[in-house]
Amino acid sequence: MGIRAAFYIMLNDLRLNLVSPFATILSLIVPINFLILFVLFAIGGAKVPVSVVVSGSGHYDAAFLQALHNALTFHIHRASSVAAGQQLIQNHKSVATIHIANGFSSAVAAGQTAHVPLTLNNLNKDFADDVRRAMPLAVLNFYHSVFPSTLPFNWKEVDTYAHNVTFLGYLAVSIQTVALLIGGLLFGGRGSARDWELGTMKELMLAPIRPWSVVAGKLGAAMTNGIASAVMVLGALLLLGLRPADWGQFVGVTLLTLFVFISLGVAIGSVAKSQFVVTPFAFALGLPLFFISGAFGPITWSTPAAAVIARIFPVAYANAAFQHAVHGYWPIDTGVGWIWTILIGWAVLALGVSWLAYRRATAKH
């Protein structure tokens, strides 16, 4: 009887969600918009646009230009003259003009000081500091490539991981977390609150069914909608070229994470009893938590206060689990066993709150 009742409650919620697809639309629009913004942010902010004027044609001119490329900081535009470079700065198409002047190669070959004029647009301090940090690195790269014997030291890179993860690749995986977070809170919360608003919750209370059947039915409908939304967001990630390193783990993390966030949504909806409260609450709670919970990098790279807050909630652990499923490493110092325990614990806690809210309301009637 309990399972059958839960099944029909789930079907009814799915039908209502189909008639009123507000939560479905939001659960797709928000993460897709974030994905577009993150792509633009990663592309636009990855390197500093600079113009380089090369007046000479010597060996060392080309070597210094290559050293600028190897600094991995500049997006280089070649300019025909210093005036053309200045025009790019004036048009806000370049942060700096680097001039490898005529005579640079001969001065270097003669062991004389060779000056490299740099005109910097210091309006944006962050970009200006990027240039200030990268220029000494370019000089070091130059000497390391053309006069390696003059440097009494060298460095040897030892990679901790087998592959690099791009900034865009890291950000894009976080999109799956925010999709499940917003979708779970909205699907679970609005589905529960709707019954209180429509008065159908009283009918469920008077019906000869067990309390857990109501909660299970709400969870089933929200999980069905949430999985459909998650599959669409996954399609967008696949179009970006991202592939989970472990598909089984990715699917498992998706289902567990979605269950956690839907459970929280059902708890919020059961307590608030209003969709008008659930919707803004989902965004007011979900988005700040998402941004401090490792969306841009490991939480330990953030401020200590933000890291402490992030560790309290399940979003940080969900994000870390997705990064491991896709990229194969854990961006958090919490043990794997504890991560799963915390996520499951949050789901049990949220379900307990939902059940208690329903039981208290039933007792009043």
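Biologist: Which residues of helix 9 meet which residues of helix 10?

Modeller: Contact means heavy atoms within 4.5 Å. In helix 9, Lys218, Leu219, Ala222, Met223, Gly226, Ile227, Ala230, Leu234 and Leu238 take part. Their partners in helix 10 are Trp247, Phe250, Thr254, Leu255, Leu258, Phe259, Ile262, Ser263 and Val266. This is a predicted model, where local features need pLDDT of at least 70, side-chain atom pairs need 80 or more, and totals for chains, interfaces and linings use all residues. Numbering starts from 1 along each chain as its sequence is written, and side-chain values use heavy atoms, without hydrogens or water.

Biologist: How many residues of that contact are nonpolar, polar and charged?

Modeller: The contact of helix 9 with helix 10 has 14 nonpolar, three polar and one charged. Nonpolar is Ala, Val, Leu, Ile, Met, Phe, Trp, Tyr, Cys and Pro; charged is Asp, Glu, Lys and Arg; the others, Gly among them, are polar.

Biologist: At what angle do helix 9 and helix 10 cross?

Modeller: Angles run from 0 to 180 degrees between N-to-C directions, using axes fitted to C-alpha atoms over the stretch in contact. Helix 10 spans residues 247-272, and its axis comes within 10 Å of that of helix 9, crossing at roughly 135°. Helix 9 is therefore oblique to helix 10.

Biologist: What about helix 7 and helix 9?

Modeller: Over 145 degrees counts as roughly antiparallel, under 35 as roughly parallel, 65 to 115 as roughly perpendicular, the rest as oblique. Helix 7 (residues 167-198) packs on helix 9 (residues 211-239) at about 155°, with axes 9 Å apart. So the two are roughly antiparallel.

Biologist: Which residues meet there?

Modeller: Helix 7 brings, among them, Ile175, Leu180, Phe187 and Asp195; helix 9 brings residues including Lys218, Asn225, Val233 and Leu237. By class, the contact of helix 7 with helix 9 holds ten nonpolar, seven polar and two charged.

Terms used. Helices (H or I, at least four residues) and strands (E, at least two) are DSSP runs, numbered from the N terminus.
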